Amino acid sequence: MINKSSPITFFIVAGEASGDVHGAALMTAIKKVQPESRFVGHGGDGMTKEGLERMYHTNQLGIVGFSEVIKHLPFMFNAMKRTLDRLKELKPNRIILIDYPGFNLRLAKKSAELRIPITYFILPQLWAWKEKRINIIKKHIDQMLVIFPFEEQWYKDRGVEAAFVGHPIFDEWTPSTKEELCGLLNLNHEKKILVLYPGSRLQEVKKHLPILVQAAKKLKDEIPSVQIILGAAPQIDWTQWNLPDWIQVESKYPQKALECGDLAFVASGTSTVEATVFGTPMIVTYKMATLSWWLSKILVNVPFAGMVNILAEKEIMPELLQENATVEKLYSTALSILENPEILQKMKEDLNLIQNKLKGEGASIRAAIKILELVK
């Protein structure tokens, strides 16, 4: 490891909101060990607050779905060119890639001639689809850090020495009681709480929010005392949606809203892991463009959409996807859960088992130490 007083430069790339959260925690951990570290690259508000000299914001880079990516190809090509130009100019000690495989694996390949060592923190989920991309990792990535326990062995079985460091969400989250959370959010802890968690990207919100609101309305008509709270990504303008006043919009503490819920409608993605860690029972849902859905059915080779179910190796949380993501099915599934304490309790017990699989307190600092051990 280099001397603590030596200046060191990382080029770090996070292209999504979840990656920004984990990237900010990693930057904090690196600076605890190496205070003079400099960070340049792509990230969101969290990484910027930690000192990132930002080129692109995650809001610009967070594009989901095959057809959606095609529409934005000119922008992404330009972003790649600017990134490579900056790397040539900067000559950082190390590149740190965080998830976001569509862009990051291409960057690893295209930057090979610069001979800058690369750490990949939160490796792509190649076990789900596009396993052939492992050849890019073998050839161009010299350090691999994973956050799901089964991934370490999966990669090792394929000749890649990946290290499991634990899930960083345990570093970023401080548990609270339901009474404390409800006090913070001005909710009544004695009444049921349904959380709407439609996603952090505008295109996801457009697909999910109208359906979630209508399903919540039917549920509130059936159970008038139920409280409805929207975990609102702060980067989205929620005033444009004209939401009814019985929905509380929480953009300051969206994760606290998710943690507070008795049940949540959760868009498939990183949020299902958050809900798992918080112990919040959920209904996993997702809708995308028809072409993107059709292609995903062909290419994706895991039986579930939600990471919570992938980790459990069975459907412990209901999944209502694409044509099944309807108002009626969301409503009826939620009603059957909220009116049955035994089902809710079983869901919480199942979540607790998955929490124990994920735990690895100190993931960010362990990742930071492993990265700094390789810096020259």
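These are my notebook entries on side-chain pairings in this structure, which is a predicted model.

**Entry 1: aromatic pairs**

I looked up the ring pairs and found seven in the structure. I took F10 and F39 to begin with. Their ring centres are 5.5 Å apart and the planes meet at 20°, so I logged the pair as stacked. I checked burial next. F10 has a relative accessible area of 0% and is buried. F39 is buried too, at 2%.

Then I turned to W173 and F278. The centres lie 5.4 Å apart with the planes at 50°, so this pair is tilted. W173 is in the loop between α9 (169-172) and α10 (178-185), while F278 belongs to helix α13 (residues 270-278); the pair therefore ties together parts 105 residues apart in sequence. W173 is buried at 18% relative accessible area, because the cut-off is under 20%. F278 is buried at 11%.

I also noted a cluster: ring pairs link W127, F148 and F150.

**Entry 2: Q355**

F278 came up again when I listed the contacts of Q355. Leaving aside neighbours within four places in sequence, Q355 touches F170, T276, V277, F278 and G279. Q355 is in helix α17 (residues 341-358) and is buried, at 11% relative accessible area. What does its side chain find at V277? A polar atom of the Q355 side chain lies 3.3 Å from the backbone oxygen of V277.

**Entry 3: salt bridges**

I counted twelve salt bridges. D142 pairs with R94, with the closest N and O atoms 3.1 Å apart. D142 is in the loop between α7 (134-140) and β6 (143-146), R94 in strand β4 (residues 94-98), and they are 48 residues apart.

D262 and K178 meet at 2.8 Å, N to O. D262 lies in the loop between α12 (254-260) and β11 (263-267) and K178 in helix α10, so parts 84 residues apart in sequence are tied together. Here D262 is buried at 10% and K178 is partly exposed at 25%.

D221 and K217 form a salt bridge at 2.9 Å. Both are in helix α11 (residues 202-222), four residues apart, so about one helical turn separates them. K217 is partly exposed at 37%.

Last, I noted a network of salt bridges linking E16, R201 and E204.

How values were computed
Residues numbered from 1 in each chain as written. Predicted model: local features only at pLDDT ≥ 70, side-chain atom pairs only at ≥ 80, totals over all residues. Heavy atoms only, no water. Helix = DSSP H or I, 4+ residues; strand = E, 2+ residues; numbered from the N terminus. Buried < 20%, exposed > 50% of the residue type's maximum accessible area, 1.4 Å probe, protein only. Polar contact = N/O pair within 3.5 Å; in protein donor to acceptor, adjacent residues only side chain to side chain. Contact = heavy atoms within 4.5 Å. Phe/Tyr/Trp six-rings, centres within 6.5 Å; stacked < 30°, edge-to-face > 60°. Salt bridge = Lys/Arg side-chain N within 4 Å of Asp/Glu carboxyl O.
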